[in-house]
Structure formats: structure tokens, C-alpha cells
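Work through the exercises below with the sequence and the coordinates at hand. Each task is followed by its solution in steps.

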Amino acid sequence: IGKDRSTISYNLNPFIEEERNKLILIKLNKFINNLKLKKLENEELINIIRDFNKIYRDWPYDLNGSINYNSALHLYLFVKIVNPDEVIESGTYRGFSSYIIDHASKEDALIHCFDLNLKNLKYKSKKAIYYENDIMDQKIKFSGATKLAFFDDHCDHFSRLIFSKKNNIKYCVFDDDVSYFNIHSDGTPPLPSLNMMINNNNDYGEIEWMCNGRLGKLNFSKKLILDKDNYIYFTPEDLFYLTGIKPSSITSFLIHKEF
């Protein structure tokens, strides 16, 4: 497996790179404001973008099936600001998101990495413990004072949300957060998605769609609609027009207000 095209295709002109970083900075400030995170000085944010660009380009494998630049940058910033003691990652695959979390988190952070099949793993973090099973099947008491979870396992977001509540995980990241409008873009969407539970008040009953010629069905119950007042929820906008890197998935961020 060679390096991903997106990690070896970029501007070489420093002026253009810095102009791009300033525009990305505006988007990251919007991300911080919408999630009501701790504000950072612009120079600190610019340095985070510079550091991330190097980390991203240093990834030695392809990113097929992994999050890409847009999601990884926001995940990197989220971990940097939250500064968790403990991170739970469900869906490790080759280890790219672990790689991002590893570089963003403090030296003594503990990362729990779950995947049903660890044979595809390329990157192993020294901060991590690896489990070859579903998070629901592993009895662990997560004891970190500040906990963060990253869900990229294509399991329904409702069960993962309940998992985060039971384990007092305040900060959550949900990948593949499809909506009714783009559900057909994902071969194995995590239904119901967080987007469906938070943004839709309609009782569509059974809905159907086609993905690569295959019929998909979902019977969505209004009982799963979440009260927005209990959460802070935000989906960052795509940065393709600034980076030239197409997003591979939709990643959303959620903060439990009750913790």
C-alpha cells in the first residue's frame, strides 16, 4: 500500500500555503464557536494547521476507507482543545485516526482502540491498548477525568450515543453522519445517524434508497429524535475548495451538556 494521493499533492509556494491557512483559520474559528470550545489565539491556530499539514503528509499509507483531510483536521483540533485523559476509538482499521489522535493528545493520554479485525492495522500508537472486538463486548471502566470518543464503526449512532452517556463521555465524534438527503452515498451507513436523530422532526416511516444498485430500507421512529437542548452538535463544512482534497465521509461533533 503506497502513500495516499492527497498526502503527496499540495502547493509548494509558501505564500499560497499561508493564504490558504488563513482561510482555513476562519473555518476553524467557526467550528470552535459553534461547539463553544475554548478559544485559541489566531497565531496558535495557524501553528496547529501547519503542524497538522506536516502530520497529514507524513502518513505513509493510502487513506481508502479512512477519514480524510477535512475530518482529520477537525478531529486533531478537537482533541487538542479538549485535551482528554482518555480516548475511546471504535473502528480503528489501518490506524489513521489513531495516528491523528496520538499526535493531538498529551503524552500521558490513554487510547482504547477497538476493531473487529486488527489484521489491517498499519499504525500502532504507544499510548493505545488494542481490542479485537466491539466496544459493547468489552467490559472496561473508563476512568479518565476528561473522556473523548471517536465512533467510525458503521454501527448505528443511537447505540453509540447511549454508550457515551452510560460511560460519562462528554466529547464525541461521529463519522459517516449521513442525512436523509445523502444516505445513498454510503454503502454501510450507521443508521439511524446522529444527523437524522437531531435535525429531523418528520416521521417518514419506512424510507428506501438505492446504493450501487442495491436497495436499502430504514424504518425510522420519532422516538429516536433527540432533544437538541441536551447537546451541542456541529458538522464542519467541507474544505475541498481550499485544499483540493475531496472528503471521504461526513464527520460530526457532539458535546453532552449534562456532564
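**Exercise 1.** Which helix gives the most to the lining of the largest cavity?

*Solution.* The model is predicted, so local features are taken only at pLDDT of at least 70 and side-chain atom pairs only at pLDDT 80 or more, while totals for chains, interfaces and linings use all residues. Residues are numbered from 1 along each chain as its sequence is written, and side-chain values use heavy atoms, with hydrogens and water left out.

Step 1. On a 1 Å grid over the protein atoms alone, a cavity is a set of points where a 1.4 Å probe fits but cannot get out; a pocket is an open set with protein on both sides within 12 Å along at least five of seven lines; lining residues have an atom within 4 Å of a point. Grid points are joined across faces, edges and corners, and a volume is the space filled by probe spheres set on the points.

Step 2. Count and size. One cavity of 30 Å³ or more is found, and the largest cavity holds about 40 Å³ of space.

Step 3. List the lining. K27, K30, F31, H74, F234, P236, E237 and L239 line the largest cavity.

Step 4. Assign elements. Helices (H or I, at least four residues) and strands (E, at least two) are DSSP runs numbered from the N terminus. Helix α1 (residues 14-34) contributes the most to this lining, with three residues.

Step 5. Sort by class. Ala, Val, Leu, Ile, Met, Phe, Trp, Tyr, Cys and Pro count as nonpolar, Asp, Glu, Lys and Arg as charged, and the others, Gly among them, as polar. The cavity lining then has four nonpolar, one polar and three charged residues.

**Exercise 2.** Describe the largest pocket: its volume, the residues closest to its centre and the classes in its lining.

*Solution.* Step 1. The largest pocket contains about 230 Å³ of space.

Step 1. It is lined by 14 residues, and H154, D176, D186, S248 and S249 are the closest to its centre.

Step 2. Its lining divides into three nonpolar, seven polar and four charged residues.

Step 3. Follow D186 to C211. Apart from neighbours within four places in sequence, C211 is in contact (heavy atoms within 4.5 Å) with H184, D186 and G187. C211 belongs to strand β6 (residues 205-211) and is buried, at a relative accessible area of 11%.

**Exercise 3.** How are the ring pairs F52 with Y69 and W59 with Y99 classified?

*Solution.* Step 1. A pair of aromatic rings is described by the distance of the centres and the angle of the planes. Rings of Phe, Tyr and Trp (its six-membered ring) pair if their centres lie within 6.5 Å; planes under 30 degrees apart are stacked, over 60 edge-to-face and the rest tilted. The whole structure has 20 aromatic pairs.

Step 1. For F52 and Y69 the centres are 5.2 Å apart and the planes stand at 75°, so the pair is edge-to-face. F52 is in helix α2 (residues 42-58) and Y69 in helix α3 (residues 69-82), so the pair ties together parts 17 residues apart in sequence. Both F52 and Y69 are buried.

Step 2. For W59 and Y99 the centres are 5.0 Å apart and the planes stand at 55°, so the pair is tilted. W59 lies in the loop between α2 and α3 and Y99 in helix α4 (residues 96-104), 40 residues apart. The relative accessible area is 0% for W59 and 6% for Y99.

Step 3. A cluster linked by ring pairs includes F52, W59, Y69 and Y99.

**Exercise 4.** Why is α4 described as largely enclosed by the rest of the structure?

*Solution.* Step 1. Eight of the nine residues of α4 are buried, so the helix is largely enclosed.

Step 1. Among the buried residues are F96, Y99, I100 and I101.

Step 2. Their cover includes α2, α3, β1 (86-90), β2 (110-114) and β4 (147-151).

How values were computed
Buried means under 20% relative accessible area, exposed over 50%, partly exposed in between (1.4 Å probe, protein chains only).
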